[in-house]
Amino acid sequence: MPDTRLTTLPPPARARLLARFGPAVDAWCEALPGQVAELAERWGVEPLAAGGGGTSRVFRCWRRADERAVWLKVTPDPQVAAEEAEALAGWGRTPSVAGLLAADPGAGALLLDGVEPGTPVRGQEWEPAQVAALLRELRESGPDQAPGEGSALRPLAHRVGFLFGLALRRAGPDGPEAEIRLRRARAQALELAASAPAAGLVHGDLHAANVLRGPGGRLVAIDPRPAWGDPDFDAVDWVLEGVSTSEALRERTVLLADLVPGLDADRLHAWAHAVGALLAAPAARAGHDDARTRFLLGLGG
């Protein structure tokens, strides 16, 4: 049985889940040690370390059958688990996405293959060619047909609306200017989501913190918040990463579009203008007034 000191939520992790899901998640937090113990027994794993973000709790585990490193991911929202399980299964042909070993979406639980060495790309130098290879794999290895009846996946517009809705709820203390800026950017983003010339499986949260270095230096995507829609959306964080001038943005956009077949430079540039204010919102709330924050806030016009 896992050590309950490991599976009991610490106050900061509990606070993040409460902020995301509201007070109803309290009962789930209390029941988590028992749920992890049951899942660990069912899937033959032993939790060794714990972590997680605002929607889930993740446990690094040792799998008894083959002594492999695997990850047990548990969320209080079955919809989140069902979406991720469906997307990972859809990308099952590529080693550029973390492998799905088992799933119980109704329990909000996934068992994921480990990525070695698994170093996060966030905070490191990265090569556009490597990112382009990841973007190509996501586009080329996903399902060829739109989700059918019973699919957990929702349109990209739903994901876009959720992201801006969350930012708008947090924008209250920043005054009407921040709210107007975000609403204008949301309208631009929703228009792009509705006008995609072709649709595919979208990761939905493909930034450097959700990409690990795998065997041979291959970039491996983890933690999708997937949707069905414009695959150009997945490149937007990468064209904006570290960029603080219009010239640098255009150069990065053209470079990635040249490296990824099907990626539309003009649409990607438009996505960057629509999403810039969203990415800058946390820094703006913290009072940052650096060149990059000002640049991102100005992208929406």
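The structure is a predicted model, in which local features need pLDDT of at least 70 and side-chain atom pairs count only at pLDDT 80 or more, whereas totals for chains, interfaces and linings use all residues. Residues are numbered from 1 along each chain as its sequence is written, and side-chain values use heavy atoms, with hydrogens and water left out. Helices (H or I, at least four residues) and strands (E, at least two) are DSSP runs numbered from the N terminus.

**Nonpolar cores**

- The largest nonpolar core has 61 residues, and those with the most contacts inside it are Leu156, Leu206, Trp238, Leu240, Leu249, Leu256 and Trp271; a nonpolar core here is a set of buried Ala, Val, Leu, Ile, Met, Phe, Trp, Tyr and Cys residues joined through side-chain atoms within 4.5 Å.
- Helix H10 (residues 265–285) gives the most to this core, contributing 9 residues.
- A second, separate core holds 20 residues, among them Leu17, Trp43, Val70 and Ala102.
- Leaving aside neighbours within four places in sequence, Leu256 is in contact (heavy atoms within 4.5 Å) with Pro128, Val131, Ala132, Leu135, Ala235, Trp238, Val239 and Leu263.

**Sheet and packed helix**

- An open sheet of 3 strands runs in the order S6-S8-S9 with antiparallel pairing, where two strands pair if DSSP finds at least two bridges between them.
- The edge strands are S6 and S9, each of which pairs on one side only.
- S6 and strand S8 (residues 211–213) pair in the antiparallel sense over 2 bridges, and Pro120 has Leu212 in S8 as its bridge partner.
- Helix H5 (residues 128–141) packs on the sheet, touching S8 and S9, and its direction makes about 45° with that of S9; axes are lines fitted to C-alpha atoms, for helices over the stretch in contact, and angles run from 0 to 180 degrees between N-to-C directions.

**Backbone sites in loops**

- A cis peptide bond, with omega about 0°, joins Glu116 and Pro117, and Pro117 is placed in the loop between strand S5 (109–113) and strand S6 (119–120).
- Glu67, although not a glycine, has a positive phi of about 55°; Glu67 sits in the loop between strand S2 (57–63) and strand S3 (68–74) and is exposed, with a relative accessible area of 60%.
- Asp223, also a residue other than glycine, has a positive phi near 50°; Asp223 lies in the loop between strand S9 (219–221) and strand S10 (227–229) and counts as partly exposed at 27% relative accessibility.
- For these classes, buried means under 20% relative accessible area, exposed over 50%, and partly exposed in between, with a 1.4 Å probe and protein chains only.
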